[in-house]
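Student: Hi! I'd like to get to know this protein. Could we look at it together?

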Amino acid sequence: MENKNKRTGGAARERDKKKKLLLAAAATCHNIGTMFSKTQLKTTDDVRNELGIVNGDNKLKLDISENLNTIIPKSHTSIQDNIEGEQQMDTNVEIKNANINLINLEIYDISNSKDQSPIQPILKSFPMNSERRSFNAKYYEVHNWLEYSISRDAVFCFSCRHFLNNNNVRGQIENNIVFVKQGFNRWKTQKQSFIKHELSERHLSNIEKWTMYLSVKNKNNSVANALFHSRSQAITENREHVKFLLKTTLFLGKQGLAFRGKNEEPNSSHRGNLKELIEMFCDESMKIRLLSKTTYGHYTYPVIQNQLIHVIASCTKEIILKNISTFGAFAVLVDETKDSSKKEQLSFIIRFTDNNLNIHKKTLGCYHMTKCDAKSLSDAIIQMVGENKLDINNCVAQCYDGASVMSDPFSGVQKRITELVPHAVYIHCHAHRLNLCLINSIEDIKLITDFFDTVQGLYKYLMNGHTRYTEIRDVLTILTTEGDQTARAIGLLEEISTFKFIIILCIMKKILKRIHCTSCELQSKSILLPSLMNLVNSTKESLQNLRNDETYKNIYEQSKQIALQNKVRVEENEERNNRLKRNISFNKNFKDYLVTSTLGKSNSKGMRAVPTLKTEVLYSIIDRFVQQLETRFSEKNQELFKIFQIFDYTSLYYFNPKCPSLEFFIDHYKYFEINKIKVKSEFSSAKALLEHKNILRPDLEMIVDVLIELPSSFSETLKLMHIIKTLPISTASNERFFSSMKNVKSYIRTSMGDERLSDLMIINVEKDEANKIDLNKAVDDFGKMKNRRYPLF
């Protein structure tokens, strides 16, 4: 029989209490569904926007009394009233624990993470509780850890909410900590409660954690951050060190100066330009680093110097190649010569246009040729094109000198390149052509060859820059009595102290003046073929105008005046200077032969008749030179270059789509896919546009300036112009390259390596492009070349 007086167990009592609470709650609730439905609270952003809280300072602009009903739902209000009632009643722990699930609602209008600041809104008036008391905002200044929830009308502790550990405090029920989960709203005792909480052991521990977190966050005092900052500082120092070395390398490369010295030891006085510049201009920290005993991190050894030079040269080439137009057409200009160490060096230059159709000629280095046959040269050209990431199919032309190994139409370099790229036409350097015209015009005239032999002998003997005839005679007169080469001085003085030498000197000066303008223009980087041909034709006309008696008379008078000033005997006429001649009769045995000369026909030295110089020198040189110009400047690719007629306003084919050379040109460069139909339609529009702008006599540059403004409308015409302006004229840039090579690789720098020479030549020749280098990028490239002991990024 069950004993009714027996005391029930703890679990049974707990079930009874919960049952009573559920019955009490059911009695006060008219709808059982509301007991288990969650209240749909608004998000934090919605609450802040409705209350007018300003982000950053947590201020409220609206009155809480006006918006309280819209922010706090009725279900919340009832719960809040229950909470206030429970705080005023002195009930046991079980009742409080039973109501935890009712009050444990997620709070949306206070801080959500420890990275935020305490939410401290300032309202015009805070809501009052049943005791007609409310929260006072002045406590924000006294207790900076406070944050106020508008939806709960309660305050919380920021540090305890975010830095409290999971261990419960003695006498505290889980999830029922007042300043953490429940919130404090006993405004009658708020001052005393805030002070009591602030002095509690739990709060002080959390404040300490908060303070340490802010310190680590703001000052990065963690071990990981300390290591990170230490590495970052080392990287910064290493980058500044390498950047200074790159600046020094760039300076020496641009000036063509040597890097290394005879003895680079610290106590030596011949340490070389690189180390001397570094020591002169570096700061104290870098000087200490260089003087340290460690053998790493100096970056001044010869191998590292080569890497620094290579980085600068590579960055320079990148800048050059970026300027190539999106069309991508380029021409190859190649020439070879021997350097100071007798190595054959092949200079490699490209001609291209940028997107604005400006012409550029840029150096991409040189290549040591162990063999100079056609196959080796063509392979080297193809290799250098590939190394610079250029598409060989975009090569529209190739320009070399007239050496047989380059120009041979059957097995030369130009033939081998054409087999690979059929549209890459060969253009014989026009500057070399002009030089050959002059050489072939005078090489068979003995008087002229003797004259230039004498001039060359004077240059080799004196070597002091004297260019005036009078000064040279005075110097030679002194040297005939002094020095160890008096016999040579006497011979040269006798050669130049004749009227024949003076008159030939005046004739050659007159002729070379006419050729000088053409020679200078051929060295221009932007000259085009039509301008060149016009200049050549004008040169021919100018030389032909010299072929008359009046010109020779003026030359004779000028020569006579110079001779009289220098006390040189003047040969007046033929009768005065010739001896009595016997009648020249031919031997009867030579009647059946053609006789061109007889013994004794030539005059003795100094007795040649002056009037014969007019025909044998002046007229002969002019006739030969004009003939050479007509022969050597007649283009083999004449049909291809007739395309220039389309852009010549004096031509009948000026923007004429029926021009016969247009279709031939487009077919030749079919790789570039120029649309014939569109080109013909663009011509009429281009011509009308030029007339509309009142440009009646445009040259090619004017046409480019107009059409480049409308690239979409004249896309195919601009393709033609890109190709036309890319076609090379001469290899004068290669000759300038070789002149710079004499400075870079002088006779005291003959041990320089081939790759180092190529890189230094790029820096020295392309100074303008080298000045545009981004040194930070250059440091990155230097660091990527190999794994460095000292990190650079």
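Student: Which residues is Glu 716 in contact with, leaving aside its neighbours within four places in sequence?
Tutor: Glu 716 is in contact with Glu 673, Ile 674, Asn 675, Lys 678, Val 679 and Glu 682, where contact means heavy atoms within 4.5 Å. This is a predicted model in which local features need pLDDT of at least 70 and side-chain atom pairs count only at pLDDT 80 or more, while totals for chains, interfaces and linings use all residues. Residues are numbered from 1 along each chain as its sequence is written, and side-chain values use heavy atoms, with hydrogens and water left out.

Student: Is Glu 716 buried or exposed?
Tutor: Glu 716 is buried, at a relative accessible area of 7%. Buried means under 20% relative accessible area, exposed over 50%, and partly exposed in between, using a 1.4 Å probe and protein chains only.

Student: Where does Glu 716 sit?
Tutor: Glu 716 has its place in helix H32. Helices (H or I, at least four residues) and strands (E, at least two) are DSSP runs, numbered from the N terminus.

Student: At what angle do H30 and H32 pack?
Tutor: Helix H30 (residues 676-692) and helix H32 (residues 715-726) pack at about 95 degrees, and their axes are 7 Å apart. That makes H30 roughly perpendicular to H32, a label for angles of 65 to 115 degrees. The axes are lines fitted to C-alpha atoms, for helices over the stretch in contact, and angles run from 0 to 180 degrees between N-to-C directions.

Student: Which residues make that contact?
Tutor: From H30 they are Lys 678, Val 679, Glu 682 and Phe 683, and from H32 they are Ser 715, Glu 716, Thr 717 and Leu 720.

Student: New topic: how many strands form the open sheet, and in what order?
Tutor: The open sheet has 5 strands, ordered S5-S4-S3-S6-S7, with mixed pairing. Two strands pair if DSSP finds at least two bridges between them. Strand S5 (359-368) and strand S7 (425-428) are at the edges with a single partner strand each, so one side of each has no neighbour in the sheet. On average, neighbouring strands of this sheet are turned by 25 degrees against each other, direction ignored.

Student: What does H32 touch on the sheet?
Tutor: H32 packs on the sheet and touches strand S3 (330-338), strand S4 (344-353), S5 and S6. The direction of H32 makes about 150 degrees with that of S4.

Student: And in what sense do S6 and S7 pair?
Tutor: Strand S6 (residues 395-400) pairs with S7 in the parallel sense, over 4 bridges. Ala 397 stands opposite Val 425 in S7.

Student: What do S1 and S2 form?
Tutor: S1 and S2 form a hairpin with 4 residues between them, and Asp 153 in the turn has a positive phi of about 50 degrees. Strand S1 (residues 146-149) runs antiparallel to S2, and 4 bridges join them. In strand S2 (residues 154-157), Ala 154 and Phe 156 point one way, Val 155 and Cys 157 point the other way, and all are buried.

Student: How many disulfides are there?
Tutor: A search of the whole structure finds 0 disulfides, a disulfide being a pair of cysteine sulfur atoms within 2.5 Å. For Cys 429, the nearest cysteine sulfur, that of Cys 399, is 5.1 Å away. Cys 429 counts as buried because its relative accessibility is 0%.

Technical notes:
Angles under 35 degrees count as roughly parallel, over 145 as roughly antiparallel, 65 to 115 as roughly perpendicular and the rest as oblique.
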